Amino acid sequence: MIKQDQVSPIFVCYGTESYLMNEFIERMLEQLVQPEHKEMAIVRFDTGETPLDTIIDEAETLPFLVPSKIVLVRDNVLFAAGKDSSRIEHRPERLLAYMEQPMDTTVLVFIVSHEKLDERKKIVKTAKAKDAVVSFGPLQPDELLRWLLKRASNQERSLGTETAEELIRRVGTDMHALAAETDKLCLHAGQGGTVTLDAVKTLVPMATEQNVFKLTEELAALRTREAITLYYDLLKQREEPIKLLALLVRQFRNMLYVKELGNQGYSPQQMASQLGLHPYAVKITGEQARKFSQERLAVLLNELAELDYAMKTGRVEKALGLELFLLKTGSGSAG
């Protein structure tokens with residue numbers, strides 16, 4: 001039996017960081033379900049396909065040939081805000097009643113891949129009152145670094161902060177990708193070894209979006225040669241100039257937003273939520289934005305808009321047009 005003092009009978013897991021949410025659920029399954037019982041002890045539903053009545057009926061049914069079971073429910077309807085387009089009839093009162101008297105042989109887990117829950121709904125308020133809600137938002141920059149260091153340490157490898165920061169610069173903030181690259185680097189380092197900065201630079205390719213981060217860093221520091229070299233590398237990788245321009249526009253626009261929100265007194269965490277960015281991306285963007293005035297960023301965005309139109313209408317050759325913009329920006333005053 002699943003005892004009340006060991007694990008809650010109901011969980012509402014929500015947030016945008018799917019890696020952490022999946023990790024939490026996997027740990028729960030390992031703790032509560034024997035490997036040989038998985039087929040009988042784990043039941044999966046989706047509220048977009050199955051009525052809540054059916055889900056609660058399953059939760060209230062005693063497990064068959066196993067001591068306990070876990071009912072996993074993917075939900076974009078019951079707990080999150082937004083219009084229900086599934087055309088499945090749900091009766092939230094069934095869940096409210098179940099919350100008052102849950103089965104002690106069932107753990108009912110709702111998986112809600114949304115940034116926020118709909119606080120107006122009674123089932124959300126009830127779940128919170130019963131301490132059943134678990135949030136999985138993006139890690140803050142320092143937390144992300146500590147997580148990488150711990151992942152390497154758990155594999156008996158050493159990973160320094162500078163090396164971890166370079167890994168994030170190359171891979172981005174997707175925890176699934178970071179986990180895979182960290183494991184690869186740990187394997188390369190060997191038992192008791194150290195993941196070096198050179199190994200990261202040699203073994204980890206830089207994603208296109210991260211290359212554009214790097215490109216804007218070079219422009220902000222007026223390192224024109226480095227910016228052009230990076231641009232040529234991207235062209236060799238057959239990246240489309242119009243795609244690169246669009247990514248540059250997004251990054252310069254985010255710089256402008258970060259400066260404006262900072263002037264309004266927003267914290268980095270509030271900026272991340274407002275802009276839909278990872279907190280680490282806000283940190284890097286803020287560092288880059290300090291090299292530009294708001295006026296300069298507005299001018300650059302206007303120039304990029306004009307260049308975009310010229311490239312798409314054939315008035316300028318795409319690769320050459322973007323190269324000329326980089327040369328002009330990298331050699332001019334950052335303002």
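Colleague: What makes strand β3 and β4 a pair?

Modeller: This is a predicted model, to begin with. Strand β3 (residues 69-74) is joined to β4 over six bridges, in the parallel sense. Two strands pair if there are at least two bridges between them, so β3 and β4 qualify. As one example, Lys69 stands opposite Thr106 in β4.

Colleague: How do you know that strand β1 pairs with β4?

Modeller: By the bridges again. Five of them join strand β1 (residues 10-14) to β4. The pairing needs at least two, so β1 and β4 meet it. These strands run parallel. Phe11 has Val109 as its bridge partner in β4.

Colleague: Why is strand β4 called largely enclosed?

Modeller: Count its residues. Strand β4 covers residues 106-112, and seven of the seven are buried, so the rest of the structure largely encloses it. Buried here means under 20% relative accessible area.

Colleague: Which residues of β4 point which way?

Modeller: Thr106, Leu108, Phe110 and Val112 point one way. Val107, Val109 and Ile111 point the other way. All are buried. In a regular strand, side chains alternate between the two faces of the sheet.

Colleague: What is Val109 in contact with, neighbours within four places in sequence aside?

Modeller: Phe11, Cys13, Met28, Ile70, Val71, Leu72 and Val73. Contact means heavy atoms within 4.5 Å, so each of these residues comes within that limit of Val109.

Colleague: What makes the largest nonpolar core a core, and which residues have the most contacts inside it?

Modeller: The set has 45 residues. It is called a nonpolar core because its members are buried nonpolar residues joined through side-chain atoms within 4.5 Å. Ile70, Val109 and Trp147 have the most contacts inside this core. Helix α1 (residues 18-32) gives the largest share, eight residues. Apart from this core lies another, of 28 residues, including Leu215, Leu219, Leu230 and Leu300. In soluble globular proteins, nonpolar side chains tend to be buried together.

Colleague: And the chain as a whole: how many helices and strands are there?

Modeller: There are 16 helices and seven strands. Of the 335 residues, 47% are buried. The C-alpha trace spans about 70 × 50 × 40 Å along its principal axes.

Colleague: How many positive and negative side chains does the chain have?

Modeller: The chain has 42 positive and 48 negative ones. The centres of the two sets lie 4 Å apart.

Definitions and conventions:
Residues are numbered from 1 along each chain as its sequence is written. This is a predicted model: local features need pLDDT of at least 70, side-chain atom pairs count only at pLDDT 80 or more; totals for chains, interfaces and linings use all residues. Side-chain values use heavy atoms; hydrogens and water are left out. Buried means under 20% relative accessible area, exposed over 50%, partly exposed in between (1.4 Å probe, protein chains only). Helices (H or I, at least four residues) and strands (E, at least two) are DSSP runs, numbered from the N terminus. Lys and Arg count as positive and Asp and Glu as negative; His and the chain ends are not counted. The place of a charge is taken as NZ of Lys, CZ of Arg, CG of Asp or CD of Glu.
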